[in-house]
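Good morning, and thank you for making the time.

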Amino acid sequence: MGEIVVLRHGQTEWSRSGKHTGLTDLPLLPEGEEQARAVRDRLASRAFAEVWVSPLQRAGRTAELAGLVPTGTDADLVELDYGGYEGLTTAEIGTQLGREWSIWADGAVAGDTPGETLAQVAARVDRVLHRARPVDGDVALVAHGHVLRILTARWLGLPPEAGALFALPPAAYGVLGHEHGRPVLSGWGLR
């Protein structure tokens, strides 16, 4: 196996304003499209054996503008289902609860959708990693902030809550590699 490159989608209206965007299928802003184009040259030197993309349009458009040709759409790469917190900022959720809130410590609640636990997301990304490990060559995964942070934690053998340590700005990417046969974080927050 080669390396795994994880690429977060470019800026959307909700990511710019800090709203939690799980299953709501928002387009990229013009700024987000420009961000995605900006990583094209950095990724052009890699020959990806596989490029898997979340089914949400913001991920697909980011892949296209970044010069990546998807070999598959993977529903396991969809963003965390925030349930009743979809479309709200962290501050708004805290105000509703009357206390500080974090997805990493407190999780989601049911709303229009059932919401999802970090353990459920970890099970999804573990499946992605299981499929990626036997690939002969590099794999690109184009998806969303929280799901990629959890995937990175799982790559490193950490619990899903450790995804809190891996902030990933819009249209930034990370490289998951190996050193002496062990999974490592080879690069992060790259643009």
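I begin with H7 and H8, which are roughly perpendicular to each other, a term for angles of 65 to 115 degrees, whereas under 35 counts as roughly parallel, over 145 as roughly antiparallel and the rest as oblique. Before going further, I note that this is a predicted model, in which local features need pLDDT of at least 70, side-chain atom pairs count only at pLDDT 80 or more, and totals for chains, interfaces and linings use all residues. Residues are numbered from 1 along each chain as its sequence is written, and side-chain values use heavy atoms, with hydrogens and water left out.

H7 covers residues 118-132 and H8 residues 145-155; they pack at an angle of about 70°, and their axes are 9 Å apart. Helices here are DSSP runs (H or I, at least four residues), strands likewise (E, at least two), numbered from the N terminus. Axes are lines fitted to C-alpha atoms, for helices over the stretch in contact, with angles running from 0 to 180 degrees between N-to-C directions.

Which residues of H7 meet H8? Among them are Leu 118, Val 121, Arg 124 and Asp 126, and on the H8 side the residues include Val 147, Ile 150, Arg 154 and Trp 155; contact means heavy atoms within 4.5 Å. By class, this contact of H7 with H8 has 10 nonpolar, no polar and three charged residues (nonpolar: Ala, Val, Leu, Ile, Met, Phe, Trp, Tyr, Cys and Pro; charged: Asp, Glu, Lys and Arg; polar: the others, Gly among them).

I turn to the aromatic rings. A search of the whole structure finds two aromatic pairs. Rings of Phe, Tyr and Trp (its six-membered ring) pair if their centres lie within 6.5 Å; planes under 30 degrees apart are stacked, over 60 edge-to-face and the rest tilted. Tyr 85 and Trp 101 form an edge-to-face pair, 5.0 Å centre to centre with 70° between the planes. Both Tyr 85 and Trp 101 are buried (under 20% relative accessible area; exposed is over 50% and partly exposed in between, with a 1.4 Å probe and protein chains only).

The rings of Phe 166 and Trp 188 have centres 5.9 Å apart and planes at 65°, so this pair is edge-to-face. Phe 166 is buried, at 9% relative accessible area, while Trp 188 is partly exposed, at 22%.

Finally, Arg 99 lies in the loop between H5 and H6. Arg 99 is partly exposed, with a relative accessible area of 42%. Neighbours within four places in sequence aside, Arg 99 is in contact with Gly 94 and Asp 106.
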